[in-house]
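Visitor: I would like to learn how to read a structure like this one, feature by feature. Could you take me through it with the general idea ahead of each case?

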Amino acid sequence: HAVVAIVPAAGIGSRMGADRPKQYLEVCGQSILAHTLDRLLFHSQISQVIVALHSDDNIFDSLPQAVHPKLTKVLGGGERADSVLAALQLAPQNSWALVHDAARPCLTVSDIDKLLASRVQFPQGAILAMPVRDTMKRANQQGEIGSTVCRDNLWHALTPQLFKAQQLKGCLNAAIAAGVVVTDEASAMEWAGISPGLVSGRADNIKVTHPDDLGLAELFLMRALT
Ligand code: C5P
């Protein structure tokens with residue numbers, strides 16, 4: 001079955017405080033989104049990359065990746081889940097959807113391979129994730145430590161997240177209709193009673209969220225490019 005990559009990139013990225021959506025900030029000679037798309041476009045098992053964009057986006061078409069034959073763009077929605085759903089409309093019957101954050105440009109071929117291979121063990125789909133290393137604290141209203149959260153079995157959810165396209169579509173629609181807060185694709189699957197697999201991913205697959213992350217992404221990308 002075909003594997004279609006979906007990249008929700010229709011957010012505003014307000015946390016970065018820059019003059020443009022964060023995926024258009026430059027690292028190592030091209031924008032974050034361009035790096036992310038390259039990682040997916042050049043993977044031999046990914047047949048199509050669908051990117052969801054904001055209606056005000058006037059930068060995407062200037063990227064060299066915009067005219068790649070494997071690339072299709074769609075208009076995103078109000079929330080991340082709406083953008084993913086818009087892209088899923090174009091996914092072929094029986095395909096697998098590999099959803100990946102636009103803001104994770106350091107994804108490696110080996111992590112994509114690992115996630116794709118995990119379909120044998122996890123036929124309902126799986127996500128890249130990382131076991132929590134630090135001690136976790138829950139704050140109280142005063143910004144003090146309220147309690148320590150047991151970190152046993154606690155993971156960071158990363159992307160890509162891989163599911164059967166039709167099933168993901170059904171679960172996202174149902175979760176949205178029920179008013180569930182869907183911050184990643186797996187949470188919609190979980191809500192529907194499905195338990196996606198956890199596939200241990202690399203620590204350098206960071207999400208560029210704050211300005212400080214740009215330097216880290218640059219370091220990781222430089223290492224990969226040299
Ligand atoms: O804001 P946050 O970092 O959680 O956004 C995650 C991803 O979802 C970003 O790549 C963003 O562009 C995308 N997104 C989207 N459509 C929205 C909101 C966010 O595609 N309406």
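**Strands, a helix and a ligand shell**

Guide: Strand β7 and strand β11 (residues 197-200) pair in the parallel sense, over 4 bridges. Strands are DSSP runs of E of at least two residues and helices are runs of H or I of at least four, numbered from the N terminus, and two strands pair if DSSP finds at least two bridges between them. This is a predicted model, in which local features need pLDDT of at least 70 and side-chain atom pairs count only at pLDDT 80 or more, while totals for chains, interfaces and linings use all residues. Residues are numbered from 1 along each chain as its sequence is written.

Visitor: Which strand is joined to β7 (residues 126-131) by 5 bridges, and in which sense do they run?

Guide: That strand is β10, and it runs antiparallel to β7. Alanine 126 has leucine 162 as its bridge partner in β10, and its bridge partner in β11 is glycine 197.

Visitor: How should I read the burial of leucine 115, and what does it touch?

Guide: A residue is buried if 20 or more other C-beta atoms, placed from the backbone, lie within 10 Å of its own, exposed if 12 or fewer, and partly exposed in between. Leucine 115, found in helix α3 (residues 109-117), counts as buried because it has 26 C-beta neighbours inside 10 Å. Contact means that C-beta atoms, placed from the backbone, lie within 7 Å, and, not counting residues up to four places away in sequence, leucine 115 touches Ala126, Leu128, Pro160, Leu162 and Val199. Leucine 115 and leucine 128 are 13 residues apart in sequence and 6.7 Å apart in space, C-alpha to C-alpha.

Visitor: Which residues of α4 are buried, and where do they lie around the axis?

Guide: An α-helix has 3.6 residues a turn, so residues three or four places apart point the same way. In α4 the buried residues are Ala165, Leu168, Cys171, Leu172 and Ala175. They lie on the same side of α4 because they cover an arc of only 130 degrees around the axis, the arc being that of the directions from the helix axis to the C-beta atoms. These buried residues pack against β1, α2, β6 (96-99), β10 (155-164) and α5 (185-191).

Visitor: Which residues are closest to the ligand?

Guide: The shell has 14 residues, and the closest are Pro8, Ala10, Gly11, Ser83 and Ala102; a residue is near a molecule if its C-beta atom, placed from the backbone, lies within 6 Å of it. β1 (3-9) and α2 (80-88) each supply at least two residues of this shell.

Methods
Contact = placed C-beta atoms within 7 Å.
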